[in-house]
Amino acid sequence: QIISVACGEDFSLCLASTGTVHAFGGNGYGQLGLGHNETQSKPTGITRLPFITFISCGGVSSFCIDENQNLWATGRNTDGNLGLGH
């Protein structure tokens, strides 16, 4: 069961009640969090994440918060958009 959807410039994330995240659409900056930058035409599970409770998207970046309040970010980081310190 999908409980939340977030949309970026040309991609989307869906959060399931099981804490899993599915991503699809454009992926030129790796914003889908799948470990590559190939476009996905159908929802694809992001297997590297723990139990997620919240999702959000920027134009070409994705953000997930897990059950321990850790922030997971992926995508374009040209100006430090992901908060990684670089």
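Author: Pairing first: two strands pair if DSSP finds at least two bridges between them. Strands (E, at least two residues) and helices (H or I, at least four) are DSSP runs, numbered from the N terminus. This is a predicted model: local features need pLDDT of at least 70, side-chain atom pairs count only at pLDDT 80 or more, and totals for chains, interfaces and linings use all residues. Residues are numbered from 1 along each chain as its sequence is written, and side-chain values use heavy atoms, with hydrogens and water left out.

Reader: Fine. How many bridges join β6 to β7, and which way do they run?

Author: Five bridges, and the two strands run antiparallel. Strand β7 covers residues 71–75. C64 has W72 in β7 as its bridge partner.

Reader: What sits between β6 and β7 in that hairpin?

Author: Four residues separate the strands there, and Q69 takes a positive phi near 70°. Q69 is not a glycine. Most residues other than glycine have a negative phi.

Reader: Is Q69 buried or exposed?

Author: Exposed, with a relative accessible area of 61%. The cut-offs: buried is under 20% relative accessible area, exposed is over 50%, partly exposed is in between (1.4 Å probe, protein chains only).

Reader: And β6 itself, what about burial there?

Author: β6 spans residues 61–66, and five of its six residues are buried. So β6 is largely enclosed by the rest of the structure.

Reader: Back up a bit. What's the overall secondary structure?

Author: Zero helices and seven strands. Along the sequence that reads β-β-β-β-β-β-β.

Reader: Which strands form the four-stranded sheet?

Author: β1-β2-β3-β4, in that order, antiparallel and open. β1 (2–7) and β4 (40–45) stand at the edges with a single partner strand each, so one side of each lacks a neighbour in the sheet. Here the strand-to-strand twist averages 15°.

Reader: How many bridges do β3 and β4 share?

Author: Three, in the antiparallel sense, with β3 at residues 21–25. H22 stands opposite G45 in β4.

Reader: New topic: the core. Which residues touch the most other members?

Author: L13, V21, I46, I52 and I55, out of 13 residues in the largest nonpolar core. β2 (11–16), β3 and β5 (52–57) each supply at least two residues of this core. A nonpolar core is a set of buried Ala, Val, Leu, Ile, Met, Phe, Trp, Tyr and Cys residues joined through side-chain atoms within 4.5 Å.

Reader: What is V21 in contact with?

Author: Leaving out neighbours within four places in sequence, the partners are L13, C14, L15, T44, G45, I46, L49, I52, I55 and C64.

Reader: And the whole chain, what's the radius of gyration?

Author: 12 Å, which agrees with the value near 12 Å for a compact globule of 86 residues. The radius is taken over C-alpha atoms, and the globule rule is 2.2 Å times the number of residues to the power 0.38. The C-alpha trace spans about 35 × 30 × 20 Å along its principal axes.

Reader: How much of the chain counts as buried?

Author: 37% of the 86 residues.

How values were computed:
Axes are lines fitted to C-alpha atoms, for helices over the stretch in contact, and angles run from 0 to 180 degrees between N-to-C directions. Contact means heavy atoms within 4.5 Å.
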